[in-house]
Amino acid sequence: MKTDEQFLVWSKIERYVEGDMEAGEYLAFEKELAENPILAQQVADYQQIRNYLDELKERRLLRTKLDQFHAAIDPIEQQAALKVYKNRQIWRHYVSKYLPTIAIAASVALITVLSTLFTLGYLRNMERSQQSSLKLLRRELDQIKRDIKNSKDTLSRFAPRTMTAPQRFEGTCFAISEKGHLITSYHLVAKADSVFIESTTQPGLRYKVELAFGDERTDLAVLKITDSTFRSFGKIPYTLKKGTVDLGEEVFTLAYPKNDIVYGEGSISARTGFEGDSIAYQISIPVNPGNSGSPVFDDSGNIIGVVSGKLSGAEGVAFALKSSTVWRTLKDSLPEQLDELFDLPKQSKLAGQKRTAQLKKMQDFIFQVKVY
Amino acid sequence: MERVMKRTALLNEETFIKALRENDEAVMSRLYKLHFPMVLHLVVLNNGTEDEAKDVYQEAFIVLYENVQRPDFQLRCSIKTFLYSVSRNHWLKRLQAKKIKTDLKDIEEFIPFVEDSVSIEREARLVMVESAMQRLGEPCRTILEDYYLHEMSMAEIAEKMGYTNADNAKTQKYKCFNRLKKIINELK
């Protein structure tokens with residue numbers, strides 16, 4: 001076969017494989033292929049080389065793309081990412097080199113400490129003292145209840161039982177309107193059957209009150225006297241500060257942690273309460289169970305907070321709901337009744353007076369809450 | 001908004017796989033950038049240069065890319081681990097070829113990754129065809145590359161190479177094709 005002829009055949013094969021043949025030529029060529037194995041082999045050879053070249057084309061395109069990706073890498077970013085790996089490497093190296101030593105040292109130390117503590121019997125005490133959680137300040141009467149039950153059990157063998165509901169706990173509240181509205185802690189009265197207020201500064205005073213408003217989130221409750229014998233508290237001397245106070249401000253409380261009114265003083269030690277709670281202050285006043293709901297006053301006799309709880313296991317750490325939050329909560333929740341239930345003078349009438357005089361004037365507006 | 005969505009979507013492995021399948025260059029570029037520092041650190045830590053790291057990483061990226069194109073392929077680990085494992089193998093091979101004996105210091109977890117026969121044959125074929133093209137010499141190499149790889153028309157090639165017409169160029173291409181065939185048969 002001459003080269004020209006071979007070239008013509010090859011051109012045909014090329015057109016056939018590349019799909020450049022017209023229908024008639026294509027069919028004729030297919031027929032020829034079926035009959036001519038040599039031609040069929042030539043087509044297969046062409047096809048193979050063509051496939052090789054296609055593969056090469058794909059790969060080169062991919063390589064070009066990868067080079068473009070590579071060129072697009074920001075060298076600064078790359079350095080930063082590399083640094084992360086290097087640092088990790090250093091750390092791993094350090095750990096693998098020194099970990100056995102550290103581990104041995106640590107276990108020796110641990111064993112020493114534990115055995116010492118164990119011998120001294122400290123472990124038990126430590127467990128107990130470390131339970132530093134928020135404990136609400138209601139007077140737990142469980143022990144007393146148990147005692148009463150025991151004596152009752154003894155007595156019941158001899159005498160018929162008397163029917164009185166057990167008193168659950170006590171706290172403090174303070175008046176905010178002449179007509180008988182008072183503020184206290186919601187947790188005291190949340191599940192109460194009945195609530196009474198009493199005062200040791202006005203012997204014989206005892207009124208029945210009802211929950212007028214309660215908010216679990218802020219632990220704020222408003223009580224209203226429902227007794228028909230009640231007339232008025234008279235003019236209230238203190239007011240409620242609508243803003244917040246500064247760190248270190250000297251403050252004091254009047255409360256009923258026992259069956260008598262008790263004075264306590266301290267200062268604002270943090271602008272946030274338990275675990276960073278922003279609606280409360282941390283105050284450094286020794287508070288006891290029964291302090292819940294008692295007012296916190298500043299020097300001029302403005303109420304700046306309501307005692308809500310203390311941190312058990314830490315002395316002198318107590319929390320008070322901010323007066324600003326009290327005001328905002330009531331304003332948002334009870335906008336229509338606000339004037340009625342919130343009836344305090346615009347300015348404290350106690351500013352500039354001696355503390356003893358202040359206490360004398362405010363004590364008649366602070367009451368013991370008894371919950372049954 | 002669209003931009004934000006695209007960014008968060010990038011964190012997803014499936015999105016990367018999809019991008020590789022669909023040749024989404026923007027996403028592929030991000031994937032490339034994401035894991036290069038890892039391989040760069042590996043290679044540099046084990047007596048290599050940045051250029052060598054680039055080569056090894058691109059080889060691994062190609063293995064990933066080509067595996068993902070297969071419909072039956074299932075990635076059994078994260079893309080990161082895959083790229084690391086393949087890069088690591090390739091770097092070990094290069095170190096062996098350089099006759100450098102070293103305990104490879106690893107910086108990541110890896111899976112024992114063995115490339116399958118399909119990939120190995122393809123790589124061997126590509127090396128063979130590439131060297132055949134080199135041996136072909138000019139003007140054949142340019143003519144075949146322009147026609148088959150760059151998809152230029154015969155008229156364009158005739159003009160570029162200085163042939164009087166497309167038919168002359170075609171005859172030349174035929175000769176070149178035959179020569180390539182011959183070289184490939186010798187190399188096989």
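This is a predicted model: local features need pLDDT of at least 70, side-chain atom pairs count only at pLDDT 80 or more; totals for chains, interfaces and linings use all residues.
Helix H6 of chain B runs over residues 117-136, and its 20 residues reach 28 Å from the first C-alpha to the last, which is close to the 28 Å expected at 1.5 Å a residue. The buried residues of H6(B) are B:Val129, B:Ala132, B:Met133 and B:Leu136. Because these residues cover an arc of only 100° around the axis, they lie on the same side of H6(B). The face turned away from that buried side carries exposed residues, namely B:Ile120, B:Ala124, B:Val127 and B:Gln134.

The contact between the chains takes 28 residues from chain B and 24 residues from chain A. On the side of chain B that touches chain A, the elements that give two or more residues are helix H3 (25-45), helix H4 (50-69), H6, H7 and H9 of chain B. Of these, H3(B) gives the most, with 10 residues. The table sorts the residues on this side of chain B by class.

| Class, side of chain B that touches chain A | Number |
|---|---|
| Nonpolar | 18 residues |
| Polar | 4 residues |

How values were computed: Residues are numbered from 1 along each chain as its sequence is written. Chains are lettered from A and ligands numbered from 1 in the order in which they are written. Helices (H or I, at least four residues) and strands (E, at least two) are DSSP runs, numbered from the N terminus. The expected span of a helix is 1.5 Å times one less than its number of residues. A residue is buried if 20 or more other C-beta atoms lie within 10 Å of its own, exposed if 12 or fewer, and partly exposed in between; C-beta atoms are placed from the backbone. The arc is that of the directions from the helix axis to the C-beta atoms. Two residues are in contact if their C-beta atoms, placed from the backbone, lie within 7 Å. Ala, Val, Leu, Ile, Met, Phe, Trp, Tyr, Cys and Pro count as nonpolar, Asp, Glu, Lys and Arg as charged, and the others, Gly among them, as polar.
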